[in-house]
Amino acid sequence: GDILDDYLRTDGVWILTRNKQFYKTNNEKECAEKCEAERNFNCRAFLFTRKKLQCLTLAENAKMTVTFNSADAVLYEKKIYLLQCKKGIGKDYRGTEAKTRRGIPCQKWAEKTPHNPNYTPEKHPSAGLDENYCRNPDGDESGPWCYTTDPATRFDYCNIPACESQCMQCNGEDYHGEVSRTESGLECQRWDAQEPHMHGFTLKHFPEKDLKMNYCRNPDGELRPWCFTTSRTKRWEYCNIPRCTTHPPVSGLGSQCLSGKGEDYRGRIAITESGNACQHWNTQFPHRHSWIPDRYPCKGLEENYCRNPDGEKRPWCYTTSSVRWEYCAIPHCDGTEQGIVGMSNAPVQVSLPEECYRGKGQSYRGTTSITASGKKCQAWNSMFPHRHEKTPDRFPNADLRDNYCRNPDGDNSPWCFTTDPSMTWEYCSLKRCDDHTQE
């Protein structure tokens, strides 16, 4: 593979480091080769400047020193030094844990006291024996270890989590690891904090999403785990979580009927409740969308079958008509049937909630959650992607439930904040009721 595949690239970043070497190279690949061949120190990263074609090999990475913006620079960090977990017995572990499982600080590998080591950087130059970091130079089955600073304990093992618990399956919605930095090296904001960024992703609102400490998580079905950052200029960013090498456990065939919100529905109904045929998930016509099967491998986005990949109220699909998307009528698992188009010739009795509004719509209590241009509404108790003050607590009589369209502030008609970061809010796709013909 490409030599750069072993590096994490970050544009526009410079890092301060004591140990560095300058080289003249033509491109990033040549610079990576200099890093691999570096003998003056352990090369953990390199900086490449496009204008000067300058290459700096570095002994430190962004986890070990300070970073600042530099428009012309590109930082490449060796991924092996960013992983804080061990693969197998951890022979290639290069993390920065420096205390034993009992909490005793490690002795530096190059020092002779309090213990005279058998394993030294000189004798084992490729074992990564730098500083006092836990390592496994002898392939010990129990994993990384170190000589300790306690004269009574020559060595002890370190508590390094296995990478399988630090990796993600699918889109990382079940990721429960302890990575707490974004892919550009920013520290994550704690989920229970509202500084520097206010948000609605709290343990109270998402009790099942394991929003602990400031660990990267994926509570909202994003592409992969993310977090709010502690930088005021960057609201949120994805985290660099390795993908698990093992395949996700197969959960049977999936449900053929509707239970809960139908997120595990894997049936073959491909028609909406109004009779529109569903658009295939792997096509972008007639409607462009981001639910691409390859990007969401565990959502069951096969053919044009109704699915619920985003935690909607029930399964849905994009349609082959001018209507962007609609819910599907799926039979309930408990035996109660929703009307399914085409199941019989008898007219189906469906009790629809009120999907029109009177006056300015301040009394509207329907369940429409789509704007006039087809954007999905942001939940009222969420501050993501838009921070706002129209919360259920501040407007207790406005019925600000889920992400349903409402009119809490006496605007012209029901509206909502959108999940599109580039559009704060929009009026909803609702018609005014005709009071004369209203049933």
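This report describes the nonpolar cores and aromatic contacts of a predicted model.

Residues are numbered from 1 along each chain as its sequence is written, and side-chain values use heavy atoms, without hydrogens and water. Local features need pLDDT of at least 70 and side-chain atom pairs pLDDT 80 or more, whereas totals for chains, interfaces and linings use all residues.

A nonpolar core is a set of buried Ala, Val, Leu, Ile, Met, Phe, Trp, Tyr and Cys residues joined through side-chain atoms within 4.5 Å; buried means under 20% relative accessible area, exposed over 50% and partly exposed in between (1.4 Å probe, protein chains only). The largest such core has 33 residues, and Phe201 and Cys306 have the most contacts inside it. Apart from this core lies another of 13 residues, including Cys35 and Phe46. Beyond its neighbours within four places in sequence, Phe201 is in contact with residues including Trp191, Trp226 and Phe384 (contact: heavy atoms within 4.5 Å).

Rings of Phe, Tyr and Trp (its six-membered ring) pair if their centres lie within 6.5 Å; planes under 30 degrees apart count as stacked, over 60 as edge-to-face and the rest as tilted. By this rule there are 31 aromatic pairs. Two edge-to-face pairs are listed below.

| Pair | Centre to centre | Angle between planes |
|---|---|---|
| Trp226 and Trp236 | 5.7 Å | 75° |
| Trp415 and Phe417 | 5.1 Å | 85° |

Trp226 is buried at 0% relative accessible area, while Trp236 is partly exposed at 26%. Trp415, at 3%, is buried, and Phe417 is buried at 8%. Ring pairs also link Trp226 and Trp236 into a cluster with others, among them Phe201 and Tyr238.
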